[in-house]
Amino acid sequence: MPGSDELYPPAQYGWGWMLLAIGILALLVLGAWLLIVLTRPRRSLSVAGQTPEQSPLFVDVLSQLRTEYLDRIQMVETDYRERKLSARNANLELSRVVRAFVNEYSGLEAPVLALDDLKARGVHPALIDAMGRHYYPSIFRQGPAIDPVAGAEAARTVVRTWH
């Protein structure tokens, strides 16, 4: 009957909804835990009594990196000698290779830093010398570029002596 004064009890939710809410909360907690575990810094590998820099694995990776970049430098020099690259372009490529090596070796953002920025950060003198004497004058100065063979040797010095 329409107008009845009888009261109705509040609607009750089934147990399934409660289990769903608990399950969602558990998934959120698990996701947060996985995010923390998977993104934390890794412990470095070390042999008993050795620092990571003394580890044979670390030394092997560095020697491979040096070998790879020395090969790249040789390729640029060969391309210049075979007249596939002009002196200016060879010096530009050598600059890119050396900066990429420094970035990969040490994490320093050398590819995007100007010479003054590199000096301000106190980087290895071999890099400053190579940039200031060979690459910058060849790339930015009017007139003939500096001999890329000398620039390649400067690049090799950077790769061999970088700490």
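**From fold to residue**

Guide: The chain pattern comes first: read along the sequence, the protein chain runs α-α-α-α-α-α. Please keep in mind throughout that this is a predicted model.

Visitor: How many helices and how many strands does the protein chain have?

Guide: The protein chain contains six helices and zero strands. Of its 163 residues, 26% count as buried. The accessible surface amounts to about 11700 Å², and 62% of that surface belongs to carbon and sulfur atoms.

Visitor: What share of the contacts with a separation of 6 or more comes from residues 24 or more positions apart?

Guide: Such residues account for 60% of those contacts in the protein chain.

Visitor: I turn now to helix packing. At what angle do helix H3 and helix H6 pack, and how far apart are their axes?

Guide: One reads the angle together with the distance between the axes. Helix H3 (residues 87–106) and helix H6 (residues 148–161) pack at about 5 degrees, and their axes are 9 Å apart. Angles under 35 degrees count as roughly parallel, so H3 is roughly parallel to H6.

Visitor: Which residues make the contact?

Guide: From H3 the contact draws on Ala-87, Ala-90, Asn-91, Leu-94, Val-98, Phe-101 and Val-102. From H6 it draws on Pro-148, Gly-151, Ala-152, Ala-155, Val-158 and Val-159. Sorted by class, the contact of H3 with H6 has 11 nonpolar residues, two polar residues and no charged residues.

Visitor: Helix H6 also holds Arg-156. Is Arg-156 buried or exposed?

Guide: Burial is judged by relative accessible area, and buried means under 20%. Arg-156 has 10% relative accessibility and therefore counts as buried. Leaving aside residues up to four places away in sequence, Arg-156 touches Leu-70, Ile-73, Gln-74 and Glu-77.

Visitor: Aromatic rings are my next topic. How many aromatic pairs are counted?

Guide: The count comes to three aromatic pairs. One of them joins Tyr-69 and Phe-101, whose ring centres are 5.4 Å apart and whose planes meet at 65 degrees. Planes over 60 degrees apart count as edge-to-face, so this pair is edge-to-face. Because Tyr-69 lies in helix H2 (residues 56–81) and Phe-101 in helix H3, the pair ties together parts that are 32 residues apart in sequence.

Visitor: Are Tyr-69 and Phe-101 buried or exposed?

Guide: Tyr-69 is buried, with a relative accessible area of 2%. Phe-101 is likewise buried, at 0%.

Visitor: What is the geometry of the rings of Phe-101 and Tyr-105?

Guide: Their centres lie 5.5 Å apart with the planes at 40 degrees, so the pair is tilted. Being four residues apart in helix H3, Phe-101 and Tyr-105 are separated by about one helical turn. Tyr-69, Phe-101 and Tyr-105 together form one aromatic cluster.

Visitor: Where is Arg-83 placed, and is Arg-83 buried or exposed?

Guide: Arg-83 is in the loop between H2 and H3. Exposed means over 50% relative accessible area, so Arg-83, at 77% relative accessibility, counts as exposed.

Terms used
Residues numbered from 1 in each chain as written. Predicted model: local features only at pLDDT ≥ 70, side-chain atom pairs only at ≥ 80, totals over all residues. Heavy atoms only, no water. Axes fitted to C-alpha atoms, helices over the stretch in contact; angles between N-to-C directions. Helix = DSSP H or I, 4+ residues; strand = E, 2+ residues; numbered from the N terminus. Parallel < 35°, antiparallel > 145°, perpendicular 65-115°, else oblique. Contact = heavy atoms within 4.5 Å. Nonpolar A, V, L, I, M, F, W, Y, C, P; charged D, E, K, R; others polar. Buried < 20%, exposed > 50% of the residue type's maximum accessible area, 1.4 Å probe, protein only. Areas by Shrake-Rupley, 256 points an atom, 1.4 Å probe, with all protein chains shown as cover. Phe/Tyr/Trp six-rings, centres within 6.5 Å; stacked < 30°, edge-to-face > 60°.
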